[in-house]
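Please read the points below alongside the sequence and the structure.

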Amino acid sequence: MLTKAPKGTRDILPDEIYKWYFVEEKFRQICHQFGYHEIRIPVFEHTELFQRGVGETTDIVQKEMYTFDDKGGRSITLRPEGTAGVVRSYIENGMASWPQPVKLFYDIAVYRYENVQKGRYREFHQFGVELFGAADPSADVEVISMLHLFFNRLGIKSLALNLNSIGCPTCRAAYNERLKAYLRPKLERLCSTCKDRYERNPMRIIDCKEESCRSELVDAPALLDYICEDCSRHFEKVKEKLSAMGIVYSIDKGIVRGLDYYTRTVFEFVSDTIGSQGTVCGGGRYDGLIEACGGKPTPGIGFGLGIERLLLQMDSQGIVIPQPDPPDVFIGVIGDRAEQFSESLALKLRTAGITCHKDIMGRSVKAQMKYANKLNARFAVILGDSEVESGKVELKNMVTGEGRDIHIDTLMDRLLKSRQGAV
Ligand code: HAM
């Protein structure tokens, strides 16, 4: 136990962290281009926020939250998603009085007690954006086009964009009655959670993962066929605008999303190359959520993008993320005098922005050079008493094996120039 991470969590080790830096940087770049600013929200919130925000009858709230009482007796939950926390912050910090729309992005760890498998973890990471204050279909399209561009920039080609509209509370009430009529004769065969959802939130049944329930839902009525005129007009506009921008999509009437706050447009980007957990990104509009959480009526839309699934997708397509540059130089040392000299030299080189490693293990010269090789250092110098005395060192190109006698004072310049291709 002591030396094993809890099920569903994993360390991100130094040899893969460059991939995370790469996608994080690309995400930040695109967010800034689209006018989003980063928000950092707490890892935990009051449990009630998720009960109210995500919904009492969702799998997340009913089965998957990490909830505990703190020492003050408050019920606390590790965030199972980002939207509710960002909405809480929007209200708490009076963002309604900021220039609208308010555009926020985040890069967070998320916690859900789920069955673990490839692409499904208990601690995972999401990029997300939340856009507040814009009710127009052009907001939906801007958010979707941002994802479209992001995936393109990463070289990801094979994600399908699936779109649906799940209407507003008005159309949903009428739909729920239809759905209940359809499910009434099947009620006995549904799982206990769905039996409970039948009265409280029948639409949730559509999203049940139990095989027994899924088979009862094959011919279930689709919400898209029952949405009201306003919602329908909104959806038509979204589709029209996407087509005009050349963004290819399919309509998937089965998308209801696993969270209760959605209204109107919902969408997913789905992969067929990373296994059963193929939804790389999901999002949609949530025009009632801010009010439900205690704010003024404010429209909202956003998405969450699983970073682990994004990296799985890139890997499955053979997209190579550039490795970080190797160290510029390794400084080997022999003897106390050289040791002291090399410490000042290393600081000088590092101050100039050069990536420099030096021996701090008191190893033999042979072992130091072996280590320099392992580091993939581009150059190496070895300093002993005579080098310090004369100021002359051999600069060894570790790639070609070539050595060149230089004066130590020119080392920094040469290393800087070597980055531009000249030694
Ligand atoms: P979600 O669909 O629950 O939506 O999660 C978004 C993404 O997180 C998924 O598409 C998937 O890539 C990733 N994900 C979900 N669960 C796991 C897991 N157990 N392991 C690994 N990755 C996972 C939300 O969270 C909403 N807050 C998105 C949103 C923002 N809608 C509007 N604004």
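The lining of the largest cavity comprises 3 nonpolar, 1 polar and 3 charged residues. The model is a predicted one.

- R10, I12, W20, Y121, E123, H125 and E308 line the largest cavity.

**Helix α13**
- Helix α13 spans residues 365-374, and Q368, M369 and A372 are buried in it.
- Viewed down the axis of α13, the buried residues lie within an arc of 95 degrees, so they line one face of the helix.
- An α-helix has 3.6 residues a turn, so residues three or four places apart point the same way.
- K366, K370 and K374 are exposed on the other side of α13.
- The packing partners of the buried residues of α13 are β12 (329-333), β14 (379-383) and β15 (392-397).

**Strand β12**
- Strand β12 is largely enclosed by the rest of the structure, because 5 of its 5 residues are buried.
- V329, I331 and V333 are buried on one side of β12, and F330 and G332 are buried on the other, so that both faces are covered.
- Strand β13 (residues 356-358) pairs with β12 in the parallel sense over 3 bridges.
- K358 in β13 is the bridge partner of I331.

Conventions. Residues numbered from 1 in each chain as written. Predicted model: local features only at pLDDT ≥ 70, side-chain atom pairs only at ≥ 80, totals over all residues. Heavy atoms only, no water. Buried < 20%, exposed > 50% of the residue type's maximum accessible area, 1.4 Å probe, protein only. Helix = DSSP H or I, 4+ residues; strand = E, 2+ residues; numbered from the N terminus. Arc of directions from axis to C-beta. Contact = heavy atoms within 4.5 Å. 1 Å grid on protein atoms, 1.4 Å probe; cavity = no way out; pocket = protein on both sides within 12 Å on 5 of 7 lines; lining within 4 Å. Nonpolar A, V, L, I, M, F, W, Y, C, P; charged D, E, K, R; others polar. Pairing = 2+ DSSP bridges.
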